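Here is a short briefing to read alongside the sequence and the 3D view. Take a moment to turn the model around, then follow the points below.

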Amino acid sequence: MTSSPAPEPRAERFARELARLKIPDPAAARAALWLRLGGLLMAAGLVLGTVAFPLAHGTDNSLAQGDALALGLGGVTAAVVGAALFLRFSLTGFLRFWLARQSYDMELLGERLTAGTPATDLPEGDPRNGVPRTDPAPR
């Protein structure tokens, strides 16, 4: 008697397929650095904007107000750039994993659908996929 090997769990097969595809880890050092930089820029932008408001309103000197407004505008710009960096690198990691997961699931579905049907039996482009028609032709 020969014992057949136990089927491999789906999670282990998925991890093996990810390693074979050589998809970089979403938590790689460079992506994590840009993600942190985006978060820091968002926080710095909020702080600069908060500091610039009382500076601009606390004086009657138009030159000091202009400097405070420039500081506030720089803060808003830093916050927007930081948010864009943070969003881009956080979504990149998520979407990369999602795409690999979709690819794996589609491959698994394709294997399941074609498991009992040899590809040589079906003519290429057959819309019925080898299933004989039993209904009458439309008139």
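Buried residues account for 14% of the 139 residues in the protein chain. Please keep in mind that this is a predicted model. The chain has 3 helices and 0 strands, and from the N terminus its elements follow the order α-α-α.

**Whole chain**
- The protein chain exposes about 11,100 Å², and 66% of that area comes from carbon and sulfur atoms.
- Among contacts in the chain with a separation of 6 or more, 77% join residues 24 or more positions apart.

**Helices α2 and α3**
- Helix α2 spans residues 29-57 and helix α3 spans residues 62-113; the two pack with their axes 7 Å apart, at an angle of about 155°.
- Because roughly antiparallel applies to angles over 145 degrees, α2 is roughly antiparallel to α3.
- Sorted by class, the residues in the contact of α2 with α3 are 20 nonpolar, 9 polar and no charged.
- The crossing of these two helices, α2 and α3, is left-handed.

**Helices α1 and α3**
- Helix α1 covers residues 10-21, and its axis comes within 11 Å of the α3 axis, crossing at roughly 115°.
- The crossing of α1 and α3 is right-handed.
- By class, the contact of α1 with α3 holds 6 nonpolar, no polar and 7 charged residues.

Conventions
Residues are numbered from 1 along each chain as its sequence is written. This is a predicted model: local features need pLDDT of at least 70, side-chain atom pairs count only at pLDDT 80 or more; totals for chains, interfaces and linings use all residues. Side-chain values use heavy atoms; hydrogens and water are left out. Helices (H or I, at least four residues) and strands (E, at least two) are DSSP runs, numbered from the N terminus. Buried means under 20% relative accessible area, exposed over 50%, partly exposed in between (1.4 Å probe, protein chains only). Contact means heavy atoms within 4.5 Å. Accessible areas come from the Shrake-Rupley method with a 1.4 Å probe; for residues, only the protein chains shown count as cover. Axes are lines fitted to C-alpha atoms, for helices over the stretch in contact, and angles run from 0 to 180 degrees between N-to-C directions. Angles under 35 degrees count as roughly parallel, over 145 as roughly antiparallel, 65 to 115 as roughly perpendicular and the rest as oblique. A crossing is left-handed if the near helix is turned anticlockwise from the far one by less than a right angle, and right-handed if clockwise. Ala, Val, Leu, Ile, Met, Phe, Trp, Tyr, Cys and Pro count as nonpolar, Asp, Glu, Lys and Arg as charged, and the others, Gly among them, as polar.
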